[in-house]
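Student: I have the sequence and model open, and I'd like to work through them with you. Could we go step by step, starting with a single side chain?

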Amino acid sequence: MRLSSIIATILATVAIAPSAFGQAESDFLDGVPTPTSYFGFKPGSDRELANWSELSAYYDLVAQTSPRVEADTLGLSTNGLPFVMLTITSQENHGRLSELKDIQLRLADPRSVSGPEEAEGLIEEGRTVVMITQNIHSTEVGAAQMAPNLLYRLAASNDEDVLDILDTVILLHIPSLNPDGTELVSNWYRKYVGTPFEAAGLVELYHPYVGHDNNRDWYTFTQKETQLTVAAQNDWHPQIVHDVHQMGGNGARIFTPPYTDPAEPNIDPLLIAGVNQLGMYMAAELISDGKKGVVSNAQYDMFTPARAYMHYHGGARILTETASARLATPDTVTPEDLAAGRGGRDYTQPTWNFSAPWEGGEWGLPQIVDYQETAAFALLKNAASNREYWLRNFYRVNQRAVDGWPSWPQAWVIPEGQDNADGVNAVLRILRTADVEVHRADAAFSAAGREFPAGSYVIPMQQPYASFAQAMLTVQDYPNLLQYPGGPPIRPYDVTAHTLPLLMNMEAVPVEEPIQAALSDPVPAPPIEYAAPDALTGGNAPRLATYKGWNESMPAGWTRWVLDQHGIAYDTLHNADIRAGDLHSRYDVILFQDQSARSIAEGFSSESMPEEYVGGLGPEGAEALREFVRSGGRVIAIESATDYIRDVFELDINDVTQGVPPQDFYIPGSILRLSLDPASAIAAGVGAETIAWYWGSSRAWEVSDPEIEVVAWYGEGAPRLSGWVLGSELIGGKPAILETQVGDGSIVLFGFQPNYRAQTIATWPLLFNAMVAE
C-alpha cells in the first residue's frame, strides 16, 4: 500500500466520508483521504488491524494532502522501520513554527528571559505544545488503530473545537513508539484471525530486545525508539505528554489521572496540580459523552521516572489506560467478572472516583478506540482552552528549578579518576541526554569536606532540569503507606529504586556550597560504547549460548542487548536445539535468564498455540542439559530459571521466600547490599561488597549440600540501600549466588537480577565472570 501508484490512485478517487463525526462533507477539507477509504475498513473495527507499513503510508498521504500536517521520519527503529512524528497545527502556525518553537524553548529556560514582563509577552504569543505517544506496548492494539482516526479529524475537520485546537495547540503526534511491534502484532493477528488461534500470544518479544519493558527506558535511554522520542521532546519541551495505553479487561473501562500516592518527591507540585486538573477534566468529558466505567486515582502512581520523563522537564505526563479485549477480537465481560476486578475491587459499585460503572457486555476494539479518541480529544480541548495556564505553569516550574529548591544541594560532583569508566560514562550520557547541563572543573577544588581533582564533573542544581538529576542521583526512600492506620502496607505499583550511582557503581557527591572553580561549557553526551572483557573475546573465549524459547522473557532480551553492545558472540537456542543434544560439542556456556520452570519445561500448550510453537524442553532437553554439564559445560541460571535447574540437577537448595505471604515479605524492585566471597573467580574485580537488584522473581536460598559453594549473600541485618523492603530479615545473610560442580562441568545460580534493564552495570562483572567456563 506504500506504492506511489496506489497513493496517486487514492488521491484521485478517494471520497470523503466524515459522517463518523456527525459532520457534513462540506465541513471537511477536500482531498484528504479518510481512514476508511484508505484501509478498506474503519480503524478500530473488530478483527481488523492495520500494520505499520500501511499506517505510516497513510500518514505520509495525509501530510501530502492537508496543510495542517507535516510528517517527519525522526530515524529508524531497531529493525529499520521509519519512526514517524506528525506535527499538527493550523496552517498559520505552520508558517511561523520556528518562531513558536523559539518562544517555547525560552519559556523552558527562564535564564533566557529578561524578566516577568518579557515572560508574559512570550506566554501571550506562545502555543500549548502537546505530544501524544501511542502503541509503545504493541499488544495494546487500540492506540495504533485510533491514531489515523484522530489524525484525520484534526487534518480535515472544520468543526469549531478542532479549529480552536489547531489555532492554539501544536500537536506532536508519535503514532507508534514501537513500529517494529506494531508491524509484528498486526501481521501475527491477521495470520491467525478466523482460526482456533485467533488472538494467540506472540512467540517473540514485540520489541526486538526488551518487549513490554520499552516503557521502562525513560531514564536510561538505551533503546533507539526511546532516544528518538526523547530527542523530539527535548527539541520542543511540550507542556503536556499524553501516553495512550491499555490495561486488563475485567475492571474499569478507562483510567485517567489523578494518580495514586506516592509522587516522586522531585516532581514540582505545580505539575502535580496540572496533572490532576487535566485528568479530571478528561474523566468529566468522557462521562459527559456517555462513557461509563471511567476511573481516576486508582492503581497507577507517579513515583518511578522510568515511565515519566516529562515530569522532570516542566511537562505533565498524562497516562490513560483503556480496558483491553483479545487484541482485535471482542470479549464478553460479565457483572461477575467486574465484581472481582483487579486488586479485589468491585467494579460494579460506584465511588467518588468511579461514579458511573459499566454494566458489562461485549467489549472490543470499537469501544477501545472510541474511548481513547474521546480522551485524547478532551485533552486537546483542555490544552487549547487553558493555553495561558499551561504556558504560565510551564514557565513557573522551570523558573523554580532555575532558582533551586531548598531541598536540593548546590551541585552534584562526579569525581574524576573513578575506576569504573563504564558506569561514569553511562551516568554522564543519561544526564546529558536528559538535557541536564554537566560541566568539568578546570582545576582542582575543595567542597563537601574533600578535594576534587581537575576534570571532575559538576552538575549545578540551578538549571531547568535539575529535578531529573536530583531524582536520579539521590537514594530513594519510598514511603511506607498503610491501607489504614495501623494496618498493612500498600504494596507499590512498580519498582521503587532508581539510584544511578548504586546501579552503575560510580560516585556522585552532593555539595551544599557553591563550587569555587572555573567550569567548562556543558560536555557532550558520551555514546553507548562498551568493551567486552578480554576473556569473552578472541579465539579462547567460551562458546556462549542463551536460551530463547517461544515465550522468551524480557530479561533474556535485555541480556541479548547487553551482549550485543559489548560485541560478545553468542547463539540463541530454541527448544529443539537443546532437545537435539550434543551441546558440549558446540558450546561451553548456556545461559538461562529469568523464566519460570514450568515455562521452560513445558512451553505453550496445543490448545493455545499452533503446533510448531508447542512444548518446551521436556525430558529430552533436561537430559541434554545434564549431559552437557557432566561433559564439562557450564549452565548459568538467573532468578526463577534457577528453579528449573535446581529440579533438573536435583540440587539441595530451597528458596526461603517461597510461600511467604506478601503482607510479610515483599520487595517490588529495590537495591540491596550484597556481600561476596573475594576468593571466588565470579567475584574477581568486584571486591567484597556490591549491590543486588531484588524484585518479585528474585530468590534467596537455604543450602543443605556442603558441596554447593556460596559465592554471595544478601547483606546481614537491613540490606536495603534504596527503595522499599518489607520483611528484609527473611533474606538478610541468605545466599544470593551459588556455584557447584556436576561431573566435569559446573552450575552457577543467581538469585537476583545481575542485568536489570541494562542498568545494573555494577553487577555486569559478576555475570561476565560467570560466563568464563573453567
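Student: What is the relative accessible area of Glu-120?

Tutor: Let's start with the classes: buried means under 20% relative accessible area, exposed means over 50%, and partly exposed lies in between (1.4 Å probe, protein chains only). Glu-120 counts as partly exposed because its relative accessible area is 36%.

Student: Before we go on, at which pLDDT do side-chain atom pairs count?

Tutor: Residues are numbered from 1 along each chain as its sequence is written, and side-chain values use heavy atoms, with hydrogens and water left out. This is a predicted model, in which totals for chains, interfaces and linings use all residues, local features need pLDDT of at least 70, and side-chain atom pairs count only at pLDDT 80 or more.

Student: Which residue forms a salt bridge with Glu-120, and how far apart in sequence are the two?

Tutor: A salt bridge here is a side-chain nitrogen of Lys or Arg within 4 Å of a carboxyl oxygen of Asp or Glu. The partner of Glu-120 is Arg-392, with 2.7 Å between the closest N and O atoms. As for the labels, helices (H or I, at least four residues) and strands (E, at least two) are DSSP runs numbered from the N terminus, and the partner you asked for is Arg-392.

Student: Which helix holds Asp-161, the partner of Lys-381?

Tutor: Lys-381 and Asp-161 meet through their side chains in a salt bridge, at 3.9 Å from N to O. This pair links distant parts of the chain, 220 residues apart: Lys-381 sits in helix H13 (residues 365-385), while Asp-161 sits in helix H8.

Student: Are Asp-301 and Arg-307 buried or exposed?

Tutor: These two side chains form a salt bridge, with their closest N and O atoms 3.0 Å apart. As for accessibility, Asp-301 and Arg-307 are both buried.

Student: Which helix gives the largest share of the negative patch?

Tutor: Patches take residues with over 30% relative accessible area and no salt bridge, joining like charges within 9 Å. The members of this one on the surface are Glu-92, Glu-160, Asp-164 and Asp-167. Glu-160 counts as exposed because its relative accessibility is 67%. The largest share, 3 residues, comes from residues 160-168, that is, helix H8.

Student: How far apart are the end C-alpha atoms of H3, and why is this helix called largely enclosed?

Tutor: H3 is largely enclosed by the rest of the structure because 10 of its 14 residues are buried, among them Trp-52, Tyr-58 and Tyr-59. The expected span of a helix is 1.5 Å times one less than its number of residues. For H3 (residues 52-65) that gives 20 Å, which agrees with the distance between its end C-alpha atoms, 20 Å.

Student: How many residues of H18 are buried?

Tutor: Helix H18 (residues 554-566) reaches 19 Å from its first C-alpha to its last, close to the expected 18 Å. Its buried residues include Trp-558, Arg-560 and Trp-561. H18 is largely enclosed by the rest of the structure, so the buried count out of its 13 residues is 10.

Student: What is the relative accessible area of Arg-757?

Tutor: Arg-757 is not a glycine, yet its phi is positive, about 45°. Its place is in the loop between strand E30 (745-750) and helix H23 (764-771). Arg-757 is buried because its relative accessible area is 7%.

Notes. Patches are made of residues with over 30% relative accessible area and no salt bridge: like charges are joined within 9 Å, nonpolar side chains (Val, Leu, Ile, Met, Phe, Trp, Tyr) within 5 Å. Accessible areas come from the Shrake-Rupley method with a 1.4 Å probe; for residues, only the protein chains shown count as cover. Lys and Arg count as positive and Asp and Glu as negative; His and the chain ends are not counted. The place of a charge is taken as NZ of Lys, CZ of Arg, CG of Asp or CD of Glu.
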